[in-house]
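Please load the model in your viewer and keep the selection panel at hand. The stops below are meant to be followed in order.

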Amino acid sequence: MNQLNRRELLASFLAAPVALNGCARREPLPPLPPGEIVGASAAVGHRLRQSAALELADDQWQRARVVIIGGGIAGLAAARTLLRAGVDDFVLLELEDAIGGTSRSGTGDVVSYPWGAHYVPAPTRENLPLVELFDELDVFEGVDERGDPVVAEPFRCRFPQERLFYKGRWYDGLYLWAGASADDLRQWQAFQREIDAWVSWRDGRGRRAFAIPMASGSDDPEVTRLDQITMAEWMDERHFSSDRLRWLVDYSCRDDYGLRLSETSAWAGLFYFASRRDVPGGDSRPFITWPEGNGRIVSHLYRQVKSQCRLGWAVLDVNPGANGIEVIASRYTDSTLAGWRADKVIFAAPQFLTRFMIRPYCETVPAHVSEFQYSAWAVANVTLTTPPQSRDAPLAWDNVLYESPSLGYVSATHQRGMDYGTSVLTYYYPLCAADPVTERQRLLDTDRDAWADVVLTDLEVAHPELRQTALRLDVMRWGHAMIRPTPGFVWGGARQAASRPFRGIHFAHADLSGIALFEEAFFRGMTAAEQVVAELQV
Amino acid sequence: MNRTVTLYLNVFVIATCGLVYELVAGTLASYLLGDSVTQFSTCIGVYLSALGVGAWLSKYVQKSPARTFIEVELAVAVLGGFSAPLLFLCFAKLAVFSVALYGTVFGIGVLVGLELPLLMRILKDAMEFKDLISRVLTFDYIGALIGSLLFPILFVPNLGLVRTSLVFGILNALVGFWGTWILESTISGNVQLLRARGVLALVLLTIGLIKADSFTTLAEDQLFSEPVVYAKTSSYQRIVVTQGPSGFSLTLNGALQFSSLDEYRYHESLVHPAMMSVVEPRRVLILGGGDGLAAREVLRYDSVTAITLVDLDPAMTQLSAEFPPLARLNHRSLFDPRVHVVNADAMLWIEEVGEPYDVIIIDFPDPNNFALGKLYTRRFYRLLRRQLHDAGAVGIQCTSPLFARTSFWCVINTMEDAGFRLHPYQVPVPSFGVWGFAVAKHGDFEPPSRVPDNLLFLNSSVLAAMFSFPNDMTRVETEVNRLDNQALVHYYDDDWRSLR
Ligand SMILES: Cc1cc2nc3c(=O)[nH]c(=O)nc-3n(C[C@H](O)[C@H](O)[C@H](O)COP(=O)(O)OP(=O)(O)OC[C@H]3O[C@@H](n4cnc5c(N)ncnc54)[C@H](O)[C@@H]3O)c2cc1C
């Protein structure tokens with residue numbers, strides 16, 4: 001890449017001083033470490049949109065009581081629920097050749113690492129299905145005084161959990177305490193009080209304002225009203241002007257939703273803070289994590305339902321008819337077609353795909369479908385010869401850069417207890433500088449080498465040795481990474497409309513909750529399957 | 001300045017430098033090969049005889065003594081200047097070291113021995129013979145005196161051995177370089193070429209001085225009160241050995257691990273209570289303890305058939321096996337056929353369960369960072385329990401109950417929380433202060449009342465007393481140290497900070 005292009009590239013993805021600094025280096029840069037773009041979905045996705053009329057011979061058809069479309073957490077949870085209810089005549093079709101969707105993980109020589117989701121806040125006792133699932137994963141040891149399950153040591157996020165890089169130094173924690181003025185601290189406390197007020201808030205039926213899964217929280221207008229304004233407006237109304245406080249909330253919105261503070265619904269912004277706190281003034285629920293992130297949950301679920309799963313099969317057409325639903329899929333390695341005639345379909349792929357796949361939707365797209373907008377993310381896994389070097393605060397699990405539009409990196413080797421030698425960092429970059437369509441294009445227009453350069457230039461600010469120690473750098477481009485909870489989306493009706501079954505097709509995906517969380521995906525998959533089981537029995 | 005006077009200065013510097021090289025060699029040799037009396041006398045003997053050889057050889061210098069004089073001076077500068085770095089490099093291998101040592105001592109001796117006769121020949125026409133002899137020898141001996149005083153008082157404490165030898169090399173080369181002007185009239189042949197050589201020698205030595213950091217950093221040399229005789233940055237840590245008048249010390253990342261003077265107190269206390277809590281211990285696991293000293297104590301027991309020693313750093317275990325002073329101190333324990341060395345992070349190694357061990361000795365450095373703190377967590381101790389035989393015992397070092405009281409009890413409380421039954425104890429180890437340990441088992445037990453005979457420190461009455469704690473060290477409540485809170489590292493920081 002020539003110098004001018006490189007300058008434009010870095011300027012487009014990184015803060016100006018970093019980009020300038022990245023370009024200013026005179027000596028020839030060391031060659032980029034090897035690596036590739038992971039995942040096939042973009043190419044397959046395009047085929048989806050172009051699929052012409054598909055004709056299948058009789059012998060290409062099979063029967064199944066249920067077809068599950070999509071092997072993310074929602075699809076896997078649906079499959080598990082079916083099996084547990086005694087329904088084993090089903091097939092799960094996943095277009096990627098790896099299971100797990102946005103919770104999938106990769107395997108390296110020393111450690112596995114996440115490609116997307118990397119932690120789950122410990123569930124409380126109320127979330128029984130999750131408690132049961134995590135019990136199977138040996139995550140708990142006993143219960144605490146309130147009766148909530150206690151997360152066993154190896155699965156709790158290892159200390160230090162997070163640190164923040166600001167102007168050449170690492171600081172402990174995510175809030176920039178160093179140099180905070182009296183006013184900053186006052187605002188910080190006032191913000192915590194606002195959150196606490198929501199933590200203790202209950203509606204007439206005794207429901208929390210923000211609960212996990214979100215469907216178990218309140219739909220009282222006092223709560224849903226928050227969805228009409230942005231988080232930035234909510235903060236303005238309360239005169240939360242402190243830079244570092246706004247940074248933290250903005251960071252949280254980018255981290256959980258891939259949205260800026262000014263785009264996030266205040267409902268979603270507050271959900272992030274209030275749903276994880278049990279009692280006012282209490283700590284957040286501890287994080288459960290594995291080196292490969294939620295990939296561990298994926299492998300566990302996959303083991304249970306493996307024989308029903310077909311990987312590398314993209315569903316192209318879902319056609320509800322008088323004698324059940326016809327599902328046509330194509331194997332992406334050789335374009336073989338196959339069809340299933342099913343009583344029920346669980347659509348566990350993102351909602352925006354319905355308009356390309358569900359035949360009646362292709363003809364007339366329901367209004368709610370286009371309301372589903374997704375943020376674009378890039379994730380890179382960087383293998384290093386040695387752990388990143390740093391003075392000041394020592395390496396943490398989550399390492400955040402205050403001045404970067406990226407979210408920094410999570411260390412897989414840290415959670416694994418590996419403190420020396422080869423280490424793996426997972427770098428997260430939500431593209432939220434413009435509207436999602438533009439950003440998606442920018443994501444896909446940027447190739448592996450360009451991404452590698454962006455990642456290294458960004459991290460080099462904190463770790464100047466990084467280019468010398470990087471052994472490998474792979475990139476995942478998530479075009480539709482996360483549903484965007486912008487104002488009006490969560491409580492505006494589209495979500496509710498999309499969740500209603502359509503002629504035997506039941507919907508299950510985290511996007512139906514308006515927030516991309518493991519618990520939501522699991523809950524949607526489980527409840528869709530429960531409905532299907534109930535309907536199959538009558 | 002008068003030419004003759006400057007030449008006296010030459011004599012003076014040469015003598016100082018020669019003696020300093022000699023002292024560097026002697027120090028390193030006595031350290032590495034042990035027995036300083038023998039080492040110093042052999043070094044001095046070799047040096048003095050080499051001086052004689054040099055003097056004898058001087059008669060074969062026919063043409064231009066002045067030119068040869070300068071050449072020899074530059075050669076001494078380079079050889080002497082690089083003697084300490086060279087010997088540092090040869091440290092790991094004893095055979096190579098002896099050759100390098102006596103080779104350099106001899107070489108330097110011959111060259112220095114050549115110089116005086118040559119100088120006298122240069123000056124012989126300038127003055128009377130009796131004056132010449134008296135002045136030259138006077139300056140020679142004064143130089144030696146100054147060298148022998150500056151070396152221990154000024155140079156080694158401030159610059160360390162490597163830099164001292166290089167600095168004297170540079171001084172030596174400068175004088176030689178200067179000599180090309182003073183003696184210009186008497187030098188035959190191309191003076192410029194000679195000067196070029198002088199520049200080359202100076203450049204080489206200066207580069208050496210700049211690169212000296214790869215042996216020891218200046219800060220390190222100034223930090224340790226005793227000379228650094230070995231230093232290496234492995235992939236895991238900084239290993240530094242310092243040598244004092246009567247013993248040596250090992251530090252890892254600046255933290256003292258032992259002093260050869262009183263390490264027996266520490267290692268006997270660490271090992272024997274656990275070993276004596278088990279009948280006929282056969283299989284022993286040592287975690288940490290790459291110095292081989294705990295293994296030495298374990299090997300006293302004839303019942304022991306296998307010792308697995310897990311230490312993170314291959315550089316450390318290799319040093320213990322091959323570095324003569326350390327190998328002497330640990331009785332070459334790492335070469336014992338019963339000892340199997342594994343280089344791995346104990347936290348990861350311990351996850352794999354094999355045949356259980358009768359005794360486990362834990363000798364990790366103090367928990368002063370999170371990578372060490374994880375080896376003191378409840379998680380670690382739970383994994384440890386799976387490695388311990390039903391009737392087995394653990395002996396563990398848990399830092400000082402006096403200086404780091406909260407940390408000490410945090411280790412004890414954490415092990416209890418992990419399900420161990422423990423008897424903590426404390427002993428005085430002069431170079432550390434009061435030090436704390438514990439012996440632990442799966443179930444209730446009585447602490448041992450006997451130790452092997454012939455130990456240097458422990459006997460049954462010391463044993464009986466050490467399980468009680470004076471009032472300033474008694475138990476305090478602490479949190480349990482877990483991977484997700486690393487409470488111990490925080491306690492440890494606080495404990496030591498409050499001492500400063
Ligand atoms: C970068 C990133 C980080 C995240 N971090 C976290 C986190 O830390 N914690 C957390 O709780 N959540 C996180 N999430 C949110 C994560 O999306 C959810 O946790 C959860 O994995 C969503 O699961 P899902 O099954 O609803 O959807 P997806 O994961 O989107 O699964 C849908 C599946 O459908 C498949 N599919 C699509 N079209 C077809 C077709 N035509 N035919 C067949 N299959 C098809 C896809 O390939 C995919 O596997 C993160 C997401 C991303 C992108």
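Select strand 1 (residues 37-38) of chain A together with strand 20 of chain A: the two run parallel and are joined by 2 bridges, where strands are DSSP runs of E with at least two residues and helices are runs of H or I with at least four, both numbered from the N terminus, and two strands pair if DSSP finds at least two bridges between them. This is a predicted model, in which local features need pLDDT of at least 70 and side-chain atom pairs, taken over heavy atoms without hydrogens and water, count only at pLDDT 80 or more, whereas totals for chains, interfaces and linings use all residues. Residues are numbered from 1 along each chain as its sequence is written, and chains are lettered from A and ligands numbered from 1 in the order in which they are written.

Within this pairing, A:Ile37 stands opposite A:Val475 in strand 20 of chain A. Of the 14 residues of strand 20 (residues 470-483) of chain A, 10 are buried, so the strand is largely enclosed by the rest of the structure (buried means under 20% relative accessible area, exposed over 50% and partly exposed in between, with a 1.4 Å probe and protein chains only).

**Aromatic pairs**

Over all chains, the structure holds 58 aromatic pairs, counted for rings of Phe, Tyr and Trp (its six-membered ring) whose centres lie within 6.5 Å, with planes under 30 degrees apart called stacked, over 60 edge-to-face and the rest tilted. Select A:Phe191 and A:Trp234, an edge-to-face pair at 6.2 Å centre to centre with 80 degrees between the planes. Because A:Phe191 lies in helix 6 (residues 182-200) of chain A and A:Trp234 in helix 8 (residues 231-237) of chain A, the pair ties together parts that are 43 residues apart in sequence. A:Phe191 is buried at a relative accessible area of 0%, and A:Trp234 is buried at 1%.

Next, go to A:Tyr361 and A:Phe507, which are stacked at 6.5 Å centre to centre with 20 degrees between the planes. A:Tyr361 belongs to helix 13 (residues 359-363) of chain A and A:Phe507 to strand 21 (residues 505-507) of chain A, so this pair ties together parts that are 146 residues apart in sequence. Both A:Tyr361 and A:Phe507 are buried.

**Chain B**

Finally, select chain B, which has 18 helices and 11 strands, and of whose 500 residues 59% are buried.
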